[in-house]
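Dear colleague,

Please find below the structure that I am handing over to you.

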Amino acid sequence: MTPVAIPAVPLGASGIQVSRLALGSWRSYERISRAQGIRVMQAAREAGITFLDDARYNDETGSAPMPTGHSEVIFGELFRGSGWRRDDAVVSNKLWWEFWPDQSPKQELAGSLARMGLDHVDLIYSEVPPDGVPLAEAVEMIGGLVRAGAARAWGTLNWPPALMERAWQIAGEAGMAGPVATQPPYSLVRREIVEDPGMQRVAAERGIAIVASYPLAGGLLTGKYDQDPAAGRAAGTLADPRVRPAAAAGRELAALARETGRDPAQLAIAFTLLNPAVTTVLFGATRPEQVIANTAALAVADALTADERDRLRGIGRASQA
């Protein structure tokens with residue numbers, strides 16, 4: 001497969017440049033060998049991906065030496081083992097506020113950095129602050145992470161547009177930087193957040209990058225379940241009412257892929273790339289071949305005819321009604 005040049009784009013108003021595609025880590029590196037993880041990261045680096053997302057996740061394998069955060073330890077090991085230079089990558093992480101008030105945002109991020117073996121992250125996403133924490137106080141604490149050099153910029157996770165706008169106002173009044181990125185799910189079967197006019201307005205007006213995540217709907221849009229219903233983690237749940245719409249969309253997508261001679265996963269990612277409001281698209285991978293295949297979505301998006309784009313956008317739309 002011919003490598004695809006991945007363009008660099010501004011991360012909102014941060015002054016940071018990121019690749020148009022980003023590599024995530026959720027439910028990925030803990031489930032594969034270290035050697036395989038290094039190959040995945042090397043494939044991303046060689047393909048031109050510069051934006052890497054990590055976070056402190058709870059162990060789901062039952063074998064990690066710690067109940068939460070081993071994901072960050074593995075990420076750091078793979079990052080160094082795959083030959084990345086720190087200045088060549090934009091690394092993001094999450095501020096969950098899970099242990100507030102026993103653990104402040106400063107302490108939570110310090111723990112993540114220690115586990116990752118890094119002295120800073122480029123972007124720290126904050127979950128919605130806990131009840132009882134005034135927004136002005138939260139913005140001051142998050143902004144303090146940037147002032148202290150623990151992060152270069154901050155963004156939001158699961159914040160509604162009105163809260164993002166208010167955070168920008170508070171930050172501006174305090175002479176601090178506001179949020180420059182947000183990471184909502186976006187796919188053929190989950191469109192409502194990114195396509196909300198309020199989200200698009202605040203993102204455009206405040207220079208907030210939309211980092212589209214979960215573009216393959218947990219694998220349901222890769223085509224593998226069309227070929228083999230027992231192929232992955234969703235096996236046995238395809239008839240579940242919560243899964244059925246995505247499974248149906250996956251079958252529609254696989255049919256379009258066969259008709260047009262394209263890969264279903266590439267088409268699914270191309271859908272997200274076609275939205276001009278989306279800055280970059282985040283996907284996960286457990287094999288280097290997946291990384292290379294997914295980067296081809298850039299070329300697929302460019303090559304789609306107007307009719308093919310309309311047909312692609314129509315897949316899964318009925319489930320959004």
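The structure is a predicted model, in which local features need pLDDT of at least 70 and side-chain atom pairs count only at pLDDT 80 or more, whereas totals for chains, interfaces and linings use all residues. Residues are numbered from 1 along each chain as its sequence is written, and side-chain values use heavy atoms, with hydrogens and water left out.

Helix α1

Helices (H or I, at least four residues) and strands (E, at least two) are DSSP runs, numbered from the N terminus. Helix α1 comprises the 14 residues 34-47.

The buried residues of α1 are Gln36, Gly37, Val40, Met41, Ala43, Ala44 and Ala47. Here, buried means under 20% relative accessible area, exposed means over 50%, and partly exposed lies in between (1.4 Å probe, protein chains only). Gly48 follows α1 and has a positive phi, near 105°.

Nonpolar cores

A nonpolar core is a set of buried Ala, Val, Leu, Ile, Met, Phe, Trp, Tyr and Cys residues joined through side-chain atoms within 4.5 Å. The largest one has 85 residues, and those with the most contacts inside it are Leu23, Tyr29, Leu52 and Leu312. Helix α9 (residues 264-273) supplies the largest share of this core, seven residues. Another core, of 16 residues, lies apart from it and includes Phe51, Leu123, Tyr125 and Leu282.

Leaving aside residues up to four places away in sequence, Leu312 touches Leu188, Leu253, Leu256, Leu267, Phe271, Leu274 and Leu304.

Aromatic pairs

Rings of Phe, Tyr and Trp (its six-membered ring) pair if their centres lie within 6.5 Å; planes under 30 degrees apart count as stacked, over 60 as edge-to-face and the rest as tilted. By this rule, the count comes to seven aromatic pairs. Phe79 and Trp84 form a stacked pair, 5.9 Å centre to centre with 5° between the planes. Phe79 is buried at 3% relative accessible area, and Trp84 is buried at 8%. Trp97 and Trp100 form an edge-to-face pair, 5.5 Å centre to centre with 70° between the planes. In this pair Trp97 is buried, at 5%, whereas Trp100 is partly exposed, at 25%. One aromatic cluster is formed by Phe75, Phe79 and Trp84.

Salt bridges

A salt bridge is a side-chain nitrogen of Lys or Arg within 4 Å of a carboxyl oxygen of Asp or Glu. A search of the whole structure finds 17 salt bridges. In one of them, the closest N and O atoms of Asp53 and Lys94 are 2.9 Å apart. Asp53 lies in strand β4 and Lys94 in strand β5 (residues 90-95), so the pair ties together parts that are 41 residues apart in sequence. Asp53 is buried, at 4% relative accessibility, and Lys94 is buried, at 4%.

Arg201 forms a salt bridge with Glu205, with the closest N and O atoms 3.0 Å apart. These two residues are four residues apart in helix α6 (residues 197-206), which means that about one helical turn separates Arg201 and Glu205. Arg201 is partly exposed, at 37%, while Glu205 is exposed, at 56%. Arg27, Arg31 and Glu60 are linked in a network of salt bridges.

A loop residue

Met176 lies in the loop between α5 (161-173) and β8 (181-182) and is buried, at 12% relative accessibility. Its C-alpha atom is separated by 8.2 Å from that of Glu140, 36 residues apart along the chain. Not counting residues up to four places away in sequence, Met176 touches Val139, Glu140, Gly143, Arg147 and Ala171.

With kind regards

Conventions
Expected span 1.5 Å × (residues − 1). Contact = heavy atoms within 4.5 Å.
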